[in-house]
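Subject: Structure for you to look at

Hello,

Here is the structure I promised to hand over. Please open it first, then read the notes below beside it.

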Amino acid sequence: MNVTLIGIDLAKSVFQVCAVNQQGKVVFNRQVRRNRLMALLMNYPEAVIAMEACSGSNYWGRALEQQGFTVRLIPPQHVKPFIKGNKNDRNDAFAITEAARRPHLRCVRPRTLAQTDLIQVHRVLDRQVRQRTALINQIRGFLGEYGVVVARGKERLWHALPDVLEEVDNGLTPSARELVAELRQEWAILQQAIRRLEQQIKTQSRVDEAARRLMQIKGVGERISTAAVAYAGNGQGYRNGRHFAANLGLVPKERSSGGKQQLGGMTKRGNRYLRRLLIQGAWTVVRYASRGQDRLSRWAVKLIERRGKHKAVVAVANKMARIIWSMLYHRTEYRPI
């Protein structure tokens, strides 16, 4: 029987490969070592290759597309309902083929190397910022145990620490002073690493033509523009702007039944990092909306009057996401008026 679809359960060294025919019947379902996978797939040049969108899937997607294969990267949540029986590699690989045969399934495009490079910078930066926040909180907690309280804000704490360490009568023991000094040194190293990554993002935002265009949008800066380009590419992986906003979790939850529609807060699905950046950018638009004369600001002012600031922020973030998709997909300039 001819193999028309191959599902691969990715792993580090040993992959599970399930091949099915046009009727969906299993032709074979066996383990294949990493160094023999490509040779096996080359025996079925007409087959569609399906994988879960996970770690390593973008690499294999690019490699297989270069060999002329049609590749489908399926979000894991769309594969899980098709797992039959106990969870194991054989059932997982077969479930991937079942999910890939659905007629209306939306798949993910393999990221380019340029997108991958930019995404890694954002991921490392996000981790280091979270580490810095945890470190600052730990320093404040240690000082609080000795009755030393510093005003809010990381800059105030940074400038206050030398005086705190030098002051003799503030209650800090020699051991506590040594530990806080080491934490401040760790903070300095982490701050230097964050600045280097921020400079990389700033440079990329100037080099990339799409990122430069996106920064024309009010509330969109270097991080949002480069993150949007890294995750969305040219926008062709989404049907429309609403689909892109839904992928970021910026649309309402829905629990409708019996013809009665019930909408709630935003779904918070999909890409949490880009959604958080858009929410932060939307707050900038909302705070200064009364001063702006562009369409987005005027629309935000009316929305704030009707629904309040917090709901307006989510709505503005949703609109920003739709504008970003439109500019990426149609390759157009931003028109503020």
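**Arg177 and helix H7**

Arg177 sits in helix H7, residues 174-207. Helices (H or I, at least four residues) and strands (E, at least two) are DSSP runs, numbered from the N terminus. Before going further: this is a predicted model, in which local features need pLDDT of at least 70 and side-chain atom pairs count only at pLDDT 80 or more, while totals for chains, interfaces and linings use all residues. Residues are numbered from 1 along each chain as its sequence is written, and side-chain values use heavy atoms, with hydrogens and water left out.

A salt bridge is a side-chain nitrogen of Lys or Arg within 4 Å of a carboxyl oxygen of Asp or Glu. The side chain of Arg177 does reach the backbone oxygen of Val168, at 3.3 Å. Not counting residues up to four places away in sequence, Arg177 touches several residues, among them Val164, Leu165 and Leu172; contact means heavy atoms within 4.5 Å.

The 34 residues of H7 should span 50 Å at 1.5 Å a residue, and the end C-alpha atoms are 50 Å apart, which agrees. The expected span is 1.5 Å times one less than the number of residues. Buried residues of H7 include Trp187, Leu190 and Ile201. What covers the buried residues of H7 includes helix H5 (113-145), helix H6 (154-166), helix H8 (209-214) and helix H9 (222-232).

**Salt bridges**

How many salt bridges does a search of the whole structure find? The search finds six. Side chains of opposite charge can pair when their charged atoms come close.

Asp126 and Arg130 form one, at 3.5 Å from N to O. Because these two are four residues apart in helix H5, Asp126 and Arg130 are separated by about one helical turn. Asp126 is buried, with a relative accessible area of 14%. Arg276 also meets Asp126 in a salt bridge, at 2.6 Å from N to O. That pair links distant parts of the chain, with Arg276 in helix H11 (residues 272-287) and Asp126 in helix H5, 150 residues apart. Arg276 is partly exposed, at 36% relative accessible area.

Glu209 forms a salt bridge with Arg213, the closest N and O atoms being 2.6 Å apart. Both lie in helix H8, four residues apart, about one turn of the helix. Glu209 counts as partly exposed at 42% relative accessibility, whereas Arg213 is buried at 5%. Salt bridges that share partners join Asp126, Arg130 and Arg276 into one network.

**A strand pair and a helix residue**

Strand S2 (residues 14-20) and strand S3 (residues 26-33) pair in the antiparallel sense over seven bridges; two strands pair if DSSP finds at least two bridges between them. Val20 stands opposite Val26 in S3. The hairpin of S2 and S3 has five residues between the strands, and Gly24 there takes a positive phi near 85 degrees.

Ala99 is in helix H4 (residues 89-100). Ala99 is buried, at 1% relative accessible area.

Regards

Technical notes:
A polar contact is a pair of N or O atoms within 3.5 Å; within protein, one must be able to donate a hydrogen and the other to accept it, and residues adjacent in sequence count only if both atoms are side-chain atoms. Buried means under 20% relative accessible area, exposed over 50%, partly exposed in between (1.4 Å probe, protein chains only).
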